[in-house]
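This briefing takes up chain contacts, salt bridges and selected backbone features. Please read it alongside the sequence and the coordinates.

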Number of protein chains: 6
Amino acid sequence: MKLHLSTWLEVEAYLKESRGIIIPIGSTEQHGPTGLIGTDAICAEAIAFGVGDAARALVAPTINVGMALHHGAFPGTMSLRPSTLILLIQDYVTGLAKAGFTQFFFINGHGGNIATMKAAFAETYAHLADLNIAGADEVKCHIANWFMCGSVYKLAKELYGDEEGSHATPSEVALTQYVYPEAIKQADLSLEVGKGHNIYGATDFRRRYPDGRMGSNPALATLEHGKQFYELAVKELTNSYLEFVR
Amino acid sequence: MKLHLSTWLEVEAYLKESRGIIIPIGSTEQHGPTGLIGTDAICAEAIAFGVGDAARALVAPTINVGMALHHGAFPGTMSLRPSTLILLIQDYVTGLAKAGFTQFFFINGHGGNIATMKAAFAETYAHLADLNIAGADEVKCHIANWFMCGSVYKLAKELYGDEEGSHATPSEVALTQYVYPEAIKQADLSLEVGKGHNIYGATDFRRRYPDGRMGSNPALATLEHGKQFYELAVKELTNSYLEFVR
Amino acid sequence: MKLHLSTWLEVEAYLKESRGIIIPIGSTEQHGPTGLIGTDAICAEAIAFGVGDAARALVAPTINVGMALHHGAFPGTMSLRPSTLILLIQDYVTGLAKAGFTQFFFINGHGGNIATMKAAFAETYAHLADLNIAGADEVKCHIANWFMCGSVYKLAKELYGDEEGSHATPSEVALTQYVYPEAIKQADLSLEVGKGHNIYGATDFRRRYPDGRMGSNPALATLEHGKQFYELAVKELTNSYLEFVR
Amino acid sequence: MKLHLSTWLEVEAYLKESRGIIIPIGSTEQHGPTGLIGTDAICAEAIAFGVGDAARALVAPTINVGMALHHGAFPGTMSLRPSTLILLIQDYVTGLAKAGFTQFFFINGHGGNIATMKAAFAETYAHLADLNIAGADEVKCHIANWFMCGSVYKLAKELYGDEEGSHATPSEVALTQYVYPEAIKQADLSLEVGKGHNIYGATDFRRRYPDGRMGSNPALATLEHGKQFYELAVKELTNSYLEFVR
Amino acid sequence: MKLHLSTWLEVEAYLKESRGIIIPIGSTEQHGPTGLIGTDAICAEAIAFGVGDAARALVAPTINVGMALHHGAFPGTMSLRPSTLILLIQDYVTGLAKAGFTQFFFINGHGGNIATMKAAFAETYAHLADLNIAGADEVKCHIANWFMCGSVYKLAKELYGDEEGSHATPSEVALTQYVYPEAIKQADLSLEVGKGHNIYGATDFRRRYPDGRMGSNPALATLEHGKQFYELAVKELTNSYLEFVR
Amino acid sequence: MKLHLSTWLEVEAYLKESRGIIIPIGSTEQHGPTGLIGTDAICAEAIAFGVGDAARALVAPTINVGMALHHGAFPGTMSLRPSTLILLIQDYVTGLAKAGFTQFFFINGHGGNIATMKAAFAETYAHLADLNIAGADEVKCHIANWFMCGSVYKLAKELYGDEEGSHATPSEVALTQYVYPEAIKQADLSLEVGKGHNIYGATDFRRRYPDGRMGSNPALATLEHGKQFYELAVKELTNSYLEFVR
């Protein structure tokens, strides 16, 4: 059940059955020479819709732009500052909590969002406590990173080994190929790829990772792999969601 | 050209031809008993993609949640506070301006966003001037409200007269029917509808507009009307965009 | 009744009769070669005092500095950033609402304030709801732009036609001449005047409007016109105020 | 020279002679049963205009609402939170500094403003340094409290002794009588008056100072005293200003 | 009783006896060629522990970094912006107030903190009132500047006369020598020392006070003096604390 | 080398040799019935001083209060909101970066700080880039969690197995016993201990973890263990630091 395709009367009815909502969150950032800039949002959204269907859960609109400041030296990257993302998440959760939602299940497609999301949750719990909203102390937020699902991780290792890398990975590229087969890209990938450097500012990042990939070989990705990743992630996160809202 | 389906290399190439980008912005808010909560985002996004195709312009991901605090007493509504939306827009524009974009064409689906967007633009121009980014004083932001296109407005008056109203209008409902025919809703609409009240806080709004409609009769909407509105808006805003970036 | 010339005992007594208050808001910005930098504040304040007298309404002190960032490339302009003005208005309204005021009638002298004011009102309604102040959901804020009064607009068109322009207009200059006859300025006005450009950042504005005027010919202003504008605006806004607080 | 009654061309000319500007700052707060709510703004503004005339200095519009949260339990009080006032002062100074002003002489009418103003100055100096504005490291802000002028203090002690008190004082009431003789108020003043308590929150303040006065007997004020205070303050602060901008 | 060396059970028990807490606040800033960068924090903390012991009061951890932006042109200085320090103090007091503390006795070692602390207190009282915490209107914050104790001031004058100066003073240097005899520093001190200049931005400060001292001769300090200052301050502030929480 | 016990001249000299600085960060929060409220700060500070000695590195003053909102329902807990901690870290790093420091090695004692610290680093890199400070793109911030050192973790498992738990652990309690043998606490510990629950708001936390421990048995801690943990952590983090600044 997609929030965007529902009416308020349907949401009112839903709230009599459930207090849970799924919020997909991605990023808009470079993903190497062949990865889509929307990769993280595309993956999170597709999986969220799958989980929503499987678990009969409401799915909110996707947070398309997340925390990607370190990718900022590549054109096309968009980012919220962490302080802005914290406010955005606080506004989302607070508004929905006033309507009666208490279980917020964020399906996340970008590792760089995690720290700021956790900070935002802490800020939000405290904010809600100050507002004395009914049921504020029942509010729970959870981050479900699809790429860290055990089954996904295992398959990626089997298929790609070390060439999975940690950004612009073949697994996420495969998933976007499955979702958008019309947008499969070709480009020469140098054999040498930046790897193992810590992440600091945007200028430094581009120095270390000149084509944007982090230790990955996205040329290994196939649409069929993408289908497998999608199905594994939907299955595993559906279980996680159902446990979360139980 | 959709930013989410592009690579950073493609954006780099695009920037050699154009400094313009289209940013759809909608809202996630009640639209009466039969209107979709995502109406404003759906319309803005669909039209933005149409304009992007016609004008060969890059289209950024949609801002799905806008300024809808006054609809907050209806479940399913989500909103950013104006102060958060200002920061979000500033982050969007600043990041893209650092990459070389200077012409920001926001295709907007929600009247309630306009004031905050204008405030955000003023804040952002001043912010950019402080950063001394190359070309900061060339940055221009424009709001294109699809529902205020002359051709759209004219057709709505012809088709619906006064029953167009000002929220949950048949014209926007028609457009969502065209985009999502699988999500056409039915519900009893009272003959009496709130009308003509000023907008203050959320509680007051629901008192004045008990089912969420503002003077409208969305039962008049048809999918075919939606197609007409779509085509008129795309045509008119394509011209606007081309003039804007000229 | 001017708040600044009242005691708190008088305000306490006033609150037994009325919940309404008038807040003049202007700007401190260039108004062309002959217009006073304080034009917008002077006009708003004078009219507010007139309405206050006619409607026996309390008038708060004038917000002298508004949102005029786009005029910032001309010396003497002062401005709040939109985010600051939002906080200021929120502080004003929240404090007065705690004392029992619920009807806030802003008499505005500057078009550039409107968007930020509307954003501020939305932010404030939500803030008040969070505070659980008694009567918070009765709080209403209204913008009354004196220069958009029907009677004022009509007279300006009659007297000046297209030479009214949209900034440093003869109508507002006339009104300041009526209020401050000792400060009528003379300067050569070029025949050519910037006109019809959109407003972006401050540097761009000065490029487009080199002497600060926007399509206007303030040399047409006379003190007698000013008196007429004053009287029309006071009459029309007195009616608006009385309707607003009814 | 009043900024509000000047044109930008006159300000441009002024800046060739001087980098100094006077900014009056007051407050809008209860001043006991007979003191005007605008007392602090009225005094600061009147003296600022006097100093402006004597020193041929530009006078900005008055900051009418300052930091008066502790008076908030009396109706009619308006206040900015300290964090808002800091932003306001930063916006004022930053904008004027960009135009070339470097010497900011605040004539202050309210003791409760001082701490926040000092905090604001520190914040602003650091902000300006970050902006790399030409001459940013020449910017100097000064607080001139008229009520702490040696000559004013001496006269108040002579005329009123201990009955001067520290809020709603006869000296400030006298000054407002001189400026606004039409607004001299009468009310019974209890012989007993709150005195010597520290200032904490607004509720506590009203408990300690039930009629708003702090140890003062404003019934001693006369219009003639007010004239004397005015003249002493203008003379002393004119000298201070001239020394400050030297 | 040091909060850091207590358990939450001990704090729970303490709250049955007392609502008071001591919070030491210092600064991390240059103190001339021989003064320790931590001087203000060291002094405040040592005295706070002494007062805590004498008054059986709980002592919170020290705020080591305060408002020292004007010392920022000397390496080793650290500072919060005033706006950050306000938030920090608000967070400290709000959290402790929720647990039941109402009397906050800040022992301060740095004059530059005072203004921002006062602003923070005002901001916090208002914030607490909005939260409707039980007992919020009993919350009181007090600044006790050890260097302004009558007995301390008197001894400093006796020992050093005018050479006490106002920053990097022999009295505070002496106190650090008493606390950290292993960290007594030697350096050539020029006979000439900056003196009497107002404080503006950091660059200006270093121009006026090239070695960091403000009119002081810290070479006069001895460890024995430090012991005397310590004992005087502890005695005087213990009395102040006991009176404050009575 | 402790910053607090250094002079600015010594820091100036240090900067000719090194651009690195160690910043200890802890927390002030309940640590179960027998753990010290200052545990996380005590451990981080002690180890930081050890590393500073071993690596001849400068050690800044400890951030005593971190992000511990979830412990807020236990008296004695103090916390910054994440948004405040972000500003604090940004102020720290920005000020030190202006003086020439580029390598910031945070020794952290509290898992709950990590997310907010990472968010703060991202925010700070972007902020520094906007300021155009020389060398801003060389700034690197690193979190070194002493409790996650391989050697520490291994010893804790050997000594305590599953009874190490994840908060109020015997390892951290042991370390505080080594540092403050005079503050070893005794209290009855229930055999049953909360375990395995996710962390949401403060009220929920106390429901799940009624005495504050998270799956730990701090009664196993000994001072001798503490010495071992201290030495292992200092050794391992000294190597990490030296590698970081290489």
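**Interface, salt bridges and backbone**

At 19% relative accessibility, Lys185(A) counts as buried (buried is under 20% relative accessible area, exposed over 50%, partly exposed in between, with a 1.4 Å probe and protein chains only). This is a predicted model, in which local features need pLDDT of at least 70 and side-chain atom pairs count only at pLDDT 80 or more, while totals for chains, interfaces and linings use all residues; side-chain values use heavy atoms, with hydrogens and water left out. Residues are numbered from 1 along each chain as its sequence is written, and chains are lettered from A and ligands numbered from 1 in the order in which they are written.

**Salt bridges between chains**

- Lys185(A) forms a salt bridge with Glu10(B), at 2.9 Å from N to O (a salt bridge is a side-chain nitrogen of Lys or Arg within 4 Å of a carboxyl oxygen of Asp or Glu).
- This pair crosses between chains: Glu10(B) belongs to helix H1 (residues 8–17) of chain B, and Lys185(A) to the loop between helix H6 (170–179) and helix H7 (202–208) of chain A. Helices (H or I, at least four residues) and strands (E, at least two) are DSSP runs, numbered from the N terminus.
- Glu10(B) is partly exposed, with a relative accessible area of 29%, whereas Lys185(A) is buried.
- A salt bridge also links Glu10(A) and Lys185(B), with an N to O distance of 2.8 Å.
- Arg207(A) and Asp137(F) form another salt bridge, their closest N and O atoms being 3.3 Å apart.
- Arg207(A) lies in helix H7 of chain A and Asp137(F) in the loop between helix H4 (114–131) and strand E4 (140–145) of chain F, so this pair joins two chains.
- Arg207(A) is partly exposed at 43% relative accessibility, and Asp137(F) is partly exposed at 32%.

**Other salt bridges**

- Over all chains, the count of salt bridges comes to 55.
- Within chain A, the side chains of Arg213(A) and Asp211(A) meet in a salt bridge of 2.9 Å, N to O. Both Arg213(A) and Asp211(A) are buried.
- A network of salt bridges links Asp137(B), Glu138(B), Asp204(C), Arg207(C) and Arg208(C).

**Chains A and B**

- Chain B superposes on chain A by a rotation of 180 degrees with 0.0 Å of shift along its axis, at an RMSD of 0.0 Å. That is the relation of a two-fold axis. The superposition is by least squares on the C-alpha atoms of residues with pLDDT of at least 70 in both copies.
- The same surface serves both copies, since 100% of the contact residues of chain B recur in chain A (contact means heavy atoms within 4.5 Å).
- Thr84(B) comes closest to the rotation axis of the residues of chain B, with its C-alpha at 3.4 Å.
- In this interface, 50 residues of chain B are in contact with 50 residues of chain A.
- About 4000 Å² is buried between chain B and chain A, 66% of it on carbon and sulfur atoms. Buried area is the accessible area (1.4 Å probe) that two parts lose on being put together, summed over both.
- His4(B), Leu5(B) and Trp8(B) supply 20% of the area that chain B buries against chain A, more than any other three residues.
- Four salt bridges are counted between chain B and chain A.
- On the side of chain B that touches chain A, H1, helix H2 (39–55) and helix H3 (82–99) of chain B each supply at least two residues. H3(B) gives the largest share of that side, eight residues.

**Helix H4 of chain B**

- Helix H4 (residues 114–131) of chain B has 18 residues and reaches 26 Å from its first C-alpha to its last, close to the 26 Å expected at 1.5 Å a residue. The expected span of a helix is 1.5 Å times one less than its number of residues.
- H4(B) is mostly covered, with 14 of its 18 residues buried.

- Arg56(D) is not a glycine, yet has a positive phi of about 50 degrees. Arg56(D) sits in the loop between helix H2 (39–55) and strand E2 (58–59) of chain D, and is exposed at 73% relative accessibility.
- Arg56(F), also not a glycine, has a positive phi of about 50 degrees. The loop between helix H2 (39–55) and strand E2 (58–59) of chain F holds Arg56(F), which is exposed with a relative accessible area of 73%.
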